[in-house]
Amino acid sequence: MQAITVRPYTKGDFPGIMELWEATALSRPERGDNEAAVERSIALGGMMLVMVDGNEGGKIIGTSWMTFDGRRIHLHHFGIAPASQGKGLSVILLKESLRFVKEKGYQVKIEVHRNNKKAIQLYKKAGFEYLGDYDIYIIRDIQSIEI
């Protein structure tokens, strides 16, 4: 039996988080995913939940990073370690994430790659609706902005 727990981020979690994000392709350098960004988002009213496996010495096997913009909660970097996938753990992590959303009292939004069918099924089952009339664009390299 796995001793799985979901808890809020604590100082010192980031190396394990980054290891998970690299294993699940949730992080790339151009995204600006770093410890300071996580801690800043928490200070602004967001939350980082980590799922840990007590049988693996408290190894981080899942994350759910929720940022808050004053209007909505944005759920991203939601993932489970490849070796732990297919065991229903994503349902547990999503339930805890949505508990935070409900307590906060704001709408929640998530972006998911259209080819990630398992994630789409999970999110739809939890009540997320597809906003089919939107495409999402981003400028990651702010130095490239010409004003």
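Q: How many salt bridges are there here?
A: The count comes to five salt bridges, a salt bridge being a side-chain nitrogen of Lys or Arg within 4 Å of a carboxyl oxygen of Asp or Glu. This is a predicted model, where local features need pLDDT of at least 70 and side-chain atom pairs count only at pLDDT 80 or more, while totals for chains, interfaces and linings use all residues. Residues are numbered from 1 along each chain as its sequence is written, and side-chain values use heavy atoms, leaving out hydrogens and water.

Q: Which residue does Asp 13 pair with?
A: Asp 13 forms a salt bridge with Arg 7, and their closest N and O atoms are 2.8 Å apart.

Q: And is Asp 13 buried or exposed?
A: Asp 13 counts as buried, at 7% relative accessibility. Arg 7 is partly exposed, at 26%. Buried means under 20% relative accessible area, exposed means over 50%, and partly exposed is in between (1.4 Å probe, protein chains only).

Q: What does Lys 59 meet?
A: The side chain of Lys 59 meets that of Glu 19 in a salt bridge, 3.3 Å from N to O. This pair links distant parts of the chain, with Lys 59 in strand 3 (residues 59–68) and Glu 19 in helix 1 (residues 14–24), 40 residues apart. Helices (H or I, at least four residues) and strands (E, at least two) are DSSP runs, numbered from the N terminus.

Q: Where do Glu 96 and Arg 99 lie?
A: Both lie in helix 3 (residues 89–104), three residues apart, which is about one turn of the helix.

Q: New topic: how many residues has the largest nonpolar core?
A: That core has 35 residues, and those with the most contacts inside it are Ile 17, Trp 21, Met 48, Met 66 and Tyr 123. A nonpolar core is a set of buried Ala, Val, Leu, Ile, Met, Phe, Trp, Tyr and Cys residues joined through side-chain atoms within 4.5 Å.

Q: Which strand gives the largest share?
A: Strand 2 does, with six residues.

Q: What does Met 66 touch?
A: Leaving aside residues up to four places away in sequence, Met 66 touches several residues, including Gly 46, Leu 49, Ile 73, Phe 100 and Val 101. Contact means heavy atoms within 4.5 Å.
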